[in-house]
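This briefing goes through a structure by topic, with the criteria behind each computed term given where the term comes up. Please have the sequence and the coordinates open while reading.

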Amino acid sequence: MIRLFRSNLMRLKKSKLFYFMLICQAAIMLTLTLRYYFLKKSGFSVCADTLFSSVAVSEITAVLLAVFCSLFIGADYNYGTIRNKLIAGFPRSKIYLANLFTMLFTALCMNVAVMAVFFPVTLPLLGGFTESARYLVKIFVTGSLITAVYSSIYTAVAMMSKNTVVSLIVTVASFAVMSFVAMYLVSEINQPLTYTQMIENEFGEMITQTIPNPHRKSESVLGFYKILLNIFPSGQLNVLNSKLLSVWQSAVSAVCLIGISTVAGLTVFSEENIK
Amino acid sequence: MEYCLETDYLTKQYRNFRALNGLTMHVPRGAIYGLIGKNGAGKTTLIRIISGLQRPSGGSYFLYGEPYDGRGIYKARERVGGVVETPSIYANMSAYENLKQQFILLGKPSFGGIDELLKLVRLDDAGKKKAGHFSLGMKQRLGIALALAGDPDFIVLDEPVNGLDPQGIIEIRELILKLNREKNITFLVSSHILGELSRIATHYGFMHKGEILKEISASELAAVCRKCISVTVTPSPAFAPALDSLNLEYRIVGDDRAEVYGDADITGLVLALKSRGINLLRITEKDEDLESYYINLIGGGFND
């Protein structure tokens with residue numbers, strides 16, 4: 001498998017898209033840093049902590065990964081070069097895992113690209129951290145796990161679809177669906193218990209009245225929503241900065257999701273007829 | 001005889017379509033095995049299966065004696081190279097980079113052999129030109145170079161001259177012959193261009209509707225297809241002595257029929273038969289080539 005991984009790394013080294021993604025990541029971080037810096041200069045209270053979650057993972061990282069996975073893995077099908085690997089006698093499981101590790105490595109490189117801006121530029125400009133080191137490590141570990149889950153899901157999709165365009169559509173659409181579901185869950189969880197409304201009493205005066213929110217789900221349903229939010233990468237991404245997310249819970253769900261997507265992808269890929 | 005590849009009643013079913021239907025074949029070591037069949041006969045399916053791209057629905061095959069589902073198959077595959085349908089090359093890389101990629105994949109300790117391979121397939125002057133801009137012939141030659149990167153004993157080529165211009169066809173033909181003669185590499189070459197195959201093949205497998213109808217060596221085929229006259233007479237024990245008396249090279253096909261090779265003196269033949277009381281019933285000229293042999297075998301038109 002090391003040979004397959006090395007061969008993928010050589011392709012990565014030659015990939016313009018790979019460098020473009022790294023530059024994108026760094027440029028986004030730089031733009032945010034400058035924006036925060038000017039806000040700080042205008043008297044707003046800003047700190048480096050908020051931006052630190054961008055070091056770990058962002059929606060843009062996830063979308064870029066979706067595009068990259070589809071194009072990088074899809075190229076092997078498009079050019080037919082996956083046949084070279086099979087004819088050379090590599091078992092399908094090794095081909096699959098080498099691709100997965102390549103995508104995990106890519107995700108890691110994307111995080112490093114952001115850190116390369118964060119530590120030498122963001123920290124000096126915005127000042128040090130206000131949060132504890134423990135919290136920051138948690139954010140970083142959880143963020144890395146979320147990226148790993150995305151990489152694993154996208155690898156499975158790309159390996160199963162055998163077509164760059166199809167996998168590109170499916171990976172980006174799956175990201176959009178996961179994000180939409182996460183946003184919905186967050187909005188449902190954040191529904192207020194009660195709300196106030198203005199009514200006119202019998203004397204013709206306007207008074208405020210507090211009434212229970214009819215749209216708020218029951219506690220058991222909301223509990224289920226919270227579990228879902230903590231399981232799925234898009235959900236974790238949404239609550240990354242809230243102190244509700246447990247790193248252990250995130251780790252367990254990441255391992256489970258990576259395991260499920262890898263087993264599913266590998267099972268389908270093992271049985272595929274390659275042309 | 002030692003075989004690189006043996007298949008045993010191989011079948012492949014795609015939903016409602018049976019592409020291979022109990023195919024049995026034998027590719028001897030050192031041979032250039034021409035797999036002949038019309039479009040849709042199942043040639044590419046067979047090649048995909050033996051290359052490990054697809055699994056058979058039934059039957060089995062052996063590469064260097066290793067069953068396809070055995071543990072040793074991955075080791076056996078390291079001795080095989082192949083170009084299935086189109087050459088599998090990265091269009092955004094040069095010929096050198098493509099070979100470098102393949103060398104890494106095969107775990108070669110150095111890239112020393114790349115220049116030699118490029119020279120062998122006459123791509124040494126391709127420079128930094130991206131493979132995506134290569135002509136079809138250049139791509140095909142690069143595909144063969146990639147197949148050769150692992151120093152294989154057995155190379156599978158699926159329709160290697162498809163779409164090539166006459167010069168490209170000659171180059172591929174010469175390369176196959178050179179590799180077979182100089183490096184003793186066994187080839188399995190599928191094609192529906194019979195004239196081209198007949199120039200290189202040492203063995204033939206005639207494929208039709210997912211089956212091998214006949215396997216035959218080139219020398220056996222030459223004997224079968226040799227120009228001759230077929231002589232049909234009234235059955236007589238004096239038939240062979242009559243042919244012997246004329247010093248003819250012949251083959252007795254039945255009690256009443258013989259095939260006479262070479263330029264026979266027809267008048268002399270008729271007189272010799274008549275003098276022995278044998279009546280000549282029919283005399284026909286037989287001049288069969290690979291194409292007519294195949295058509296006779298499948299009992300119909302070639303690309304109908």
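In chain B, strand S1 (residues 3-14) and strand S4 (residues 58-63) pair in the antiparallel sense over five bridges, where strands are DSSP runs of E with at least two residues and helices are DSSP runs of H or I with at least four residues, both numbered from the N terminus, and where two strands pair if DSSP finds at least two bridges between them. This is a predicted model, in which local features need pLDDT of at least 70 and side-chain atom pairs count only at pLDDT 80 or more, whereas totals for chains, interfaces and linings use all residues. Residues are numbered from 1 along each chain as its sequence is written, chains are lettered from A and ligands numbered from 1 in the order in which they are written, and side-chain values use heavy atoms, with hydrogens and water left out.

**Salt bridges**

- A search of the whole structure finds 16 salt bridges over all chains, the criterion being a side-chain nitrogen of Lys or Arg within 4 Å of a carboxyl oxygen of Asp or Glu.
- One of them joins the side chains of Lys43(B) and Glu159(B), at 3.6 Å from N to O.
- Lys43(B) lies in helix H1 of chain B and Glu159(B) in the loop between strand S7 (154-158) and helix H6 (166-183) of chain B, so this pair ties together parts that are 116 residues apart in sequence.

**A second sheet and a hairpin in chain B**

- Another open sheet of chain B has four strands in the order S12-S13-S11-S14, again with antiparallel pairing.
- Its edge strands, each pairing on one side only, are strand S12 (249-254) and strand S14 (280-286) of chain B, and the twist averages 20 degrees from one strand to the next.
- Strand S11 (residues 228-233) of chain B is joined by five bridges to the antiparallel strand S13 (residues 257-261) of chain B, with Cys228(B) standing opposite Tyr261(B).
- Helix H10 (residues 266-275) of chain B packs on this sheet, touching S11 and S14 of chain B, and the direction of H10(B) makes about 25 degrees with that of S11(B).
- Strand S9 (residues 203-208) and strand S10 (residues 211-217) of chain B run antiparallel and are joined by six bridges; they form a hairpin with two residues between them, where Lys209(B) in the turn has a positive phi of about 45 degrees.

**Chain A**

- Chain A has 11 helices and two strands, and the C-alpha atoms of chain A fill a box of roughly 90 × 45 × 30 Å along the principal axes.
- Strand S1 (residues 194-200) and strand S2 (residues 206-212) of chain A pair in the antiparallel sense over seven bridges, with Ile199(A) opposite Ile207(A).
- The hairpin of S1(A) and S2(A) has five residues between the strands, and Gly204(A) takes a positive phi near 80 degrees there.

**The interface of chain A and chain B**

- The contact takes 26 residues from chain A and 33 residues from chain B.
- About 2,600 Å² is buried between the two chains, carbon and sulfur atoms giving 56% of this area; buried area is the accessible area (1.4 Å probe) that two parts lose on being put together, summed over both.
- In chain A, Met10(A), Tyr79(A) and Ile87(A) lose the most area to chain B, together 25% of what that side buries.
- The rule finds one salt bridge across this interface, and the side chains of Lys14(A) and Glu97(B) meet in a salt bridge at 2.9 Å from N to O.
- Helix H1 (2-14) and helix H5 (81-87) of chain A each supply at least two residues of the side that touches chain B, and H1(A) gives the most, with eight residues.

Definitions and conventions:
Contact = heavy atoms within 4.5 Å. Axes fitted to C-alpha atoms, helices over the stretch in contact; angles between N-to-C directions.
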